[in-house]
Amino acid sequence: MAAVLRFLIAVLLFSSIATASLSQEEEEFSEELLLKPLADRKVLAHFHFESKAPPTRTYGHHHRLFPKALYQLVQKFRIREMELSFTQGRWNYERWGGFDPISSSNAKPPGVELWAVFDVPHDLVDASWKNLTHTLSGLFCASINFLESSTAYSAPDWGFQPFSGSLRYGSLPREAVCTENLTPWLKLLPCRDKAGLATLMDRPSIYRGFYHSQRLRLSSTEFGSTEVESGIALDQTLTVVLQPTTSHRASMTYSSDSVLQPSWSLSSIFGRKVSGRCVLANSSNVYVQVERGLMSELKILHAEDEGSGADNLTFEKTWNNPGFELSIAPNRVIKEVNILHDETSIVLYEYLIDNYSNSEPFDLGFTWKFPVVWSSPQAPLHASRFLMGSGNERGAIAISLKATEPSDGLWFADTIENSCMLRFNVFQVVPWYVRVYFHTLQVFVDGKPQSVTDFIERMRISPSEDKVSPGVMEMALKLPCCVKSVTLTLEFDKGFLHIDEYPPDANQGFDIPSAVISFPDFHASMHFLKDDSLNKSPLLSKFQIPRRLVGLVSCYPSCLLS
Amino acid sequence: MAEFSESPKDRPSEISELPDESQNSVSDFDPCTMRKTKPGLKRLFLTLTVLFSFFLGSPFLLKSIEIYRSPLPFRDIDSLSDSVGSSPLLFPCHFQAIFVGFDNFDAYDLGISIKHEMKKLTKHPVCGTCSDSNYTLSVTVDSGSGCARNYNAESTFMWRCGAIGEFDLGGGGDDDGVDEFLGSVLGSCEGFRKVYSVVVVNRGGEVRAVVGKYRHAWIVGGVLEEGMNAVVARVAETFVKVFVNGGKEEGSIHGEFMPVGADGRIVLSFNLLNADPTDWIYGWDFQRIDEILLAPVIKALGPVANISVESQVLYHTPKSSFSYWDEKWDSYIFSTKDLPFFVNSNEWHLDTSIAAGGRSKILQFVVYIPSAKECPLLLQLPNGEISVTNAFISPMWGGVAVWNPPGCLRDSESKHPARHTISPQDLQEVFEIFMGQLRQLFGLKSDSLYVGASGTTNLLASERGFTEWELDVLSRQHTCFNLVSCATTLGSLSRLVQSLPRMIIMDEIGKQVKFSLEAAKLTRSNASLGIYDASAVSSRQARSLAEDAFFHPSIMSVSYYSFEHCFAVYSPFFLPVSMHVLLAAFREWRRYKQETAKYLAWKEKAKVAAS
């Protein structure tokens, strides 16, 4: 119920944004950076660059800002939507949050993931995909061309994305990601890393992080599949989770067990400062996001400090409070409109980079003043995947889902009705050499085996074919809310590989692509007061778009095959 | 083998079975050397059947491992290579000389002497020019009242007598007007054939020679003052050096450096580089340029190459070498010897276009806008002068033009430079430079003067960038070059295929070779008819198909499956088995012979005993 309400409001908000941005006919580019202190003493930095090109029909095919290479890519392969991500490390859903816009759209499986929707007749989709993989491989200096082989990609029907017609999905879990992939990605920005926020991308600093995900998403309405022609939009994001270096001051303990979080600044985590915006960007902003959990902890702290219930509103507007202090006064403080619980909400501090220059660089500092412990919002289920069995025969792959502690009450909001049900989809691709016996699918609910048909609403399976196609499993499950844990197990055999089918260093084993678990009834989005100035920020308007909550399970089952 | 070892053991039992019959001869019967029964043929028959079935099966095996080779027309390829190699492709050309105001000269004599001069100038016919055997020259002496023609003046390009008077061709001020006028007079009698005309008007005054945008030239002035031989030499030179050879001097770009990709396509990639956008940001209205300036050029060059255009604007793209401040010019000077370091391949992302096919040629054209630190930037020629165009070309790569923003004025000290657009006039100037560069890349002259042995000739420029006679020259040259390239490619393919008898050749390659040969044939027939455009188009097709066949992925990837390879693959399967079968047959045969000999020996003995 509540989720639906949320969704409706968000749609209303979004549609107003969409109509507002429709009228202009100009290429646009904007750059933004979101910084967020994480609960486990780390810092999340999320760079977001957006380029937009008006439709070719009215604007022509010569562009001022939009990268030529990608425009030609869209035109040549008739791409309706495409997403390519390069990731190193795994997103820690428990500590870094699993129920917010950043994690649901920027947490990506390790290695390379590519999916694309083509606007071509059905029989040409595979050919387009193969050509696209080769082109991207050349463009991004990565072995994306290995996705060309029909054993490497699959055509999900509904499990990965709803209404995916001519979608192809492929991933390379073993692909190493490094600077050679970042440089071509930066080349697509008009200022590259010569000016603007991208100058912060000091290679050693960003590759030292715990998580590094560089993403590129294209969506176009060039080929008349939709009524509204908005041209081509290119989103480039880089999400990094960094550990601020602890200074000696941080080591002093306040109480018996809590340690002060390490303070950080842009120059201490990136080793660089921002010396002005990219002159071609329409907007160039930096945001510092303070999570709801942290905000409520701070409020308690504040109340203790003041002794009496001080004015909530004034408290949230301050950037210098008992918990932390920002070194520069923000240009604006944005507060999330909280529909369900009025006590606390997410707060964003906005900085405009326009006012900074070479002589006066922007170097934001975040100083902790008191040790605070908080937790991030969690997805309804926490998933993990592991291998069972031993030897070369009769292994089993298991996906285990455990209910998380309801962090914000939303997930039990439906309990008023008797039939509280939790729906989720599981999408798993298995390479052909892991021969999964789909008939051995078993469902354990709270540790007890249960009939499969009781919980699975819908299932689509395309079994693997040796050396031809991978096995694809799409499942829609429905569980009563009271369930604590669910485990799905499937048995498999290991196939024999020809000597030249082994990857280099075969002793490391093989990586099975991540499973994608999505919750169709939950949408991660933030809501802000309707304000025109806010709509200028593509990043925040992205946050307002309700996104399906998506989680990834990517343990690395190493299957040693003979 | 087991069966053989058994046979001696069998013998005693055989003997014991027949005790009474041979009672009497037991004493002289030696079981080792004789036998009493005829040896059976069963065993021999069985082994031989197996052997023969092997022999019968081998054709099936050979058939099944046979590789598919599409039949290639080797003979046609050879004949094409031979004919292209032995004699250069020459086109028929039609020339016409019109003399106005030469009343007392004989057209026939003039024709002879012009032909003689032309022969002198074309001693070694180059591929893509006109042969002296199949060109026609018509000479008309127009005296106002009537015309005198030489003998082979054909009716198809008849000059209308008295069409121009002595003073119709203006005094030199309005060349374009004269050009249009002559075009209207000559165009009417041209027909489908391309006739190159030179109109010589004798009326005194300074001699002035102009080549127009169409296919004619005119020489006006007191030409007779230098004598008739000079006039004839000049007319012949205009025909041969300008109309046939394109006015190129020796040492300019040759056919091998034609900037056309193997698939007959060119991508013109225009780039606007803002060296430092924090000083100023310039954009351009490329859409308009594309429609107004480039579209006619692309259409005109259509027969020679299939051209597509793309553009991009890049920022933060400094050049990679430094310039120095020169007080004399009051600007920054970049000298020619540093030009190789002007293009900064690290920062200038002039990528290979995705839209271009694998074998297309990409020509980069770069407008470089210097930063405020080095503005105005001028290019200095080796002789110390400043380049007029402020641009340079790099053959087969493209061209760079430096455009200095007006006044080199920075937008105050603001942090947010405003966006400017290069004004249409400036942009047109830049694109005129690019057009000149494109002409140079195609091997044509970029200036409007031709200096020959017998004087200087003005060349009028067309608004399409290329005049009609220049396009004819390009078509002829490209036809020739494409045909030579097609013949060499097909020749190498045929040699490769013949040298590897077990290489798989797909049907598609066979088809491509066939079509390529057909297109080459069509080219030759079109060339012999003098249809330049069509022959250029079909020669391009022939070359691109030949390249497609040669670089077909199936040829590139197939391991050629030589006989050794085949033997190595099949011998582990068949060698062990066939050895046994052969040996068995041989031994069976030997045994049979042995046993027969034994039987015969016994028979002999029995006969002796009986007698």
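In chain A, M421(A) stands opposite P480(A), a residue of strand β21(A). The structure is a predicted model, in which local features need pLDDT of at least 70, side-chain atom pairs count only at pLDDT 80 or more, and totals for chains, interfaces and linings use all residues. Residues are numbered from 1 along each chain as its sequence is written, chains are lettered from A and ligands numbered from 1 in the order in which they are written, and side-chain values use heavy atoms, with hydrogens and water left out.

Helices (H or I, at least four residues) and strands (E, at least two) are DSSP runs, numbered from the N terminus. Two strands are said to pair if DSSP finds at least two bridges between them. Strand β17 (residues 421–430) of chain A is joined to β21(A) by ten bridges, and the two run antiparallel. Strand β20 (residues 456–462) of chain A also runs antiparallel to β21(A), with six bridges between them. Here R458(A) has A476(A) of β21(A) as its bridge partner. Eight of the ten residues of β21(A) (residues 471–480) are buried, so this strand is largely enclosed by the rest of the structure. Buried means under 20% relative accessible area, exposed over 50%, and partly exposed in between (1.4 Å probe, protein chains only).

At least two lining residues come from each of β16 (395–403), β17, β18 (434–445) and β22 (485–494) of chain A; β22(A) gives the most, with three.

Elsewhere in chain A, three strands form an open sheet in the order β9-β14-β11, with antiparallel pairing. Its edge strands are β9 (264–265) and β11 (324–326), each pairing on one side only. Three bridges link β11(A) with strand β14 (residues 365–368) in the antiparallel sense, and L326(A) has F366(A) of β14(A) as its bridge partner.

Turning to chain B, helix α7 (residues 286–300) has 15 residues and reaches 20 Å from its first C-alpha to its last, close to the 21 Å expected at 1.5 Å a residue. The expected span is 1.5 Å times one less than the number of residues. α7(B) bends by about 50 degrees at L294(B), and the proline P296(B) follows within four residues. The bend is the angle between axes fitted to the seven residues ending at a residue and the seven starting there. L294(B) is among the buried residues of this helix, as are F286(B) and I289(B). The buried residues of α7(B) pack against β7 (265–274), β9 (306–315), α8 (424–441) and α9 (468–499) of chain B.

Two single residues complete the picture. H216(B) lies in strand β6 (residues 216–221) of chain B and counts as buried at 3% relative accessibility. Beyond its neighbours within four places in sequence, H216(B) is in contact (heavy atoms within 4.5 Å) with residues including D179(B), L182(B) and F243(B). I531(B), in the loop between α10 (507–529) and α11 (532–550) of chain B, counts as partly exposed at 30% relative accessibility. I531(B) and K194(B) are 337 residues apart in sequence and 8.4 Å apart in space, C-alpha to C-alpha.
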